[in-house]
Amino acid sequence: SAASAGESKQAEAEDDKQAAAPEQLRVSIESIRSTRERESGGETGMGSQDRFYEYPNWAMLPTVPDGATAALTEALDAYADTQQKALEAYAAAHQNSAEDDSLLNRYAGDVRLTRSDSNYLSFVRGTDSYSADAEGYTYDSKTGERVLLTQIVRDEKQFDSAVDQVTQEIGMTELAALAKEGFPANKLIWALGNEGLELYLPKSDGNYVMYIRVVLSYESFPDLFTDRVKARPAQYAAVLVPNQQAYIDGKRIHVSAPSGQSGSFTVEVDNKEHTFKKSEESGDLLSLVFVKTTEGDFLYCEFVGDIADDSQLVAVNMADMSENTELGTPGLCTGFDLQRVTDPATLFLNARLDTLSTLTASLPVSVGQGGKLEVQGSYQYLGVTELHTKQALTLSLVKNGKESGETVELPADTKLFFYAGDGKSYVDFRLEDDRVVRVHIASDENGSDGSLWKVEGKYYDKDVFSGMRYAG
């Protein structure tokens, strides 16, 4: 049976290879919407107002690149189908709550991607929506099968003691019973992250549900997980929980910052304390992102900024514990989009843009030398914010982010969904048939009627679009 011995050797070699280092998968996120649209404004008793349009029910969908296995691609196509059906069902059930704009009348469609490599793809849905309708999804990247927590963690006793230890460490022992009860029945909301197993434990005030993220790190509890689960890509990124101990890449990391305004913060690594400066006016610690790259390991600490919508980002170089605040990012950007932190080559910064509406967009960046963030393309809009055309317009078609040389004639009352832009000279919109068009703009505050932009060199924005909203 030399052959079968050879085969089992080969199988072991396969396992070792998987346990060695999986490859990152470049996952993109797209948005889908239900068919229910809400409209407000227009002719009122007070005279005519601008019209506003909204699709209150929408969902984010992770999609995998062409290099992913056919099985994983099919699994995510199936996920997309169930989400589209769930959206329509939700919209039908909430048809009459058209006036009630509270968070409780919105579909829990947000997605937080936690791991995306050739071993596992993992994300949670609805954990940022304040509703009880959250769920975790973990797929085997090779077979496309959805994995149960009891297949990832094989020993219930070890799981229970890990939960006790971590909830005690973070001072939330009341969550332990919830985790232990939910485990054997596969009733927990969970995902695999790059730091460890992430549990999202619900805490309700009677109306809204908050999800507390509790991490059982691979390094604190190595016996709880198989090698394949613990194996990480050579380069990876992870969102750490602020004000808690993190165990990652062989280090124990704890960041503490005084609450309120102050000019310094402390990073403790393996019991050694290092103090860093931040802007005197900046406030509380908002987020922590750990990044391991071939250029080095960096810890990005984001603080409440000195202006309401602004935040300050400080990069700590883990090799020599030096800090860098000159990250080379455009002034419009704030901290990372925490819903997509798995791969240092494709991270996103949040930015507030005022082009044809005040909206949050994401700027794709990658981590370079010294922790600098290198811009990798134009701003992208997530979600389904729309404008309607007030008159016929001829616009350029866009393919792969560039104008294709073709134009398209759009009739009045065409729906345009915000898609991408550069924050100053153009906005790309997706049409209902998924084609993308570019609207060229130039800042012009002399427009009649409070217009802010000149469109295609000849119209004022208010003459050609309805539905624009600006923050004060």
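**Close-up views of a predicted model**

**Strand β11 and strand β16 (residues 285-293) pair in the antiparallel sense over five bridges.** Strands are DSSP runs of E with at least two residues, helices are runs of H or I with at least four residues, and both are numbered from the N terminus. Two strands are said to pair if DSSP finds at least two bridges between them. This is a predicted model, in which local features need a pLDDT of at least 70 and side-chain atom pairs count only at pLDDT 80 or more, whereas totals for chains, interfaces and linings use all residues. Residues are numbered from 1 along each chain as its sequence is written, and side-chain values use heavy atoms, with hydrogens and water left out. Five of the five residues of β11 (residues 236-240) are buried, so the strand is largely enclosed by the rest of the structure. Buried means under 20% relative accessible area, exposed means over 50%, and partly exposed lies in between (1.4 Å probe, protein chains only). Y236, A238 and L240 point one way from β11, while A237 and V239 point the other way.

**Helix α4 comprises residues 156-169.** At 1.5 Å a residue, its 14 residues should span 20 Å, and the end C-alpha atoms are 20 Å apart, which agrees. The expected span is 1.5 Å times one less than the number of residues in the helix. F159, D160, A162, V163, V166 and T167 are the buried residues of α4. These residues cover an arc of only 165° around the axis, which puts them on the same side of α4. The arc is that of the directions from the helix axis to the C-beta atoms. The buried residues pack against α5 (176-182), β9 (196-204) and β10 (209-217), with contact meaning heavy atoms within 4.5 Å. Exposed residues K157 and Q168 are carried on the face of α4 turned away from its buried side.

**The loop between α4 and α5 contains G171.** Just after α4, G171 takes a positive phi of about 70°. With a relative accessible area of 57%, G171 is exposed. G171 and Q244 are 73 residues apart in sequence, yet their C-alpha atoms are 9.8 Å apart in space.

**Helix α2 comprises residues 70-93.** The 24 residues should span 34 Å at 1.5 Å a residue, and the end C-alpha atoms lie 35 Å apart, which agrees. The buried residues of α2 include L72, A75, L76 and Y79. Among the elements covering the buried residues are β1, β4 (58-63), β5 (111-116), β6 (120-125) and β7 (135-140).

**E37 is found in the loop between β1 (28-33) and β2 (38-44).** At 28% relative accessibility, E37 counts as partly exposed. Not counting residues up to four places away in sequence, E37 touches Y53, E54, Y55, E386, H388 and K415.

**The count of disulfides comes to zero.** A disulfide is a covalent bond between the sulfur atoms of two cysteines, and here it is counted as a pair of cysteine sulfur atoms within 2.5 Å. The sulfur of C301 is 18 Å from the closest cysteine sulfur, in C333, which is too far for a bond. C333 is likewise in no disulfide. C301 counts as buried at 0% relative accessibility, and C333 counts as buried at 8%.
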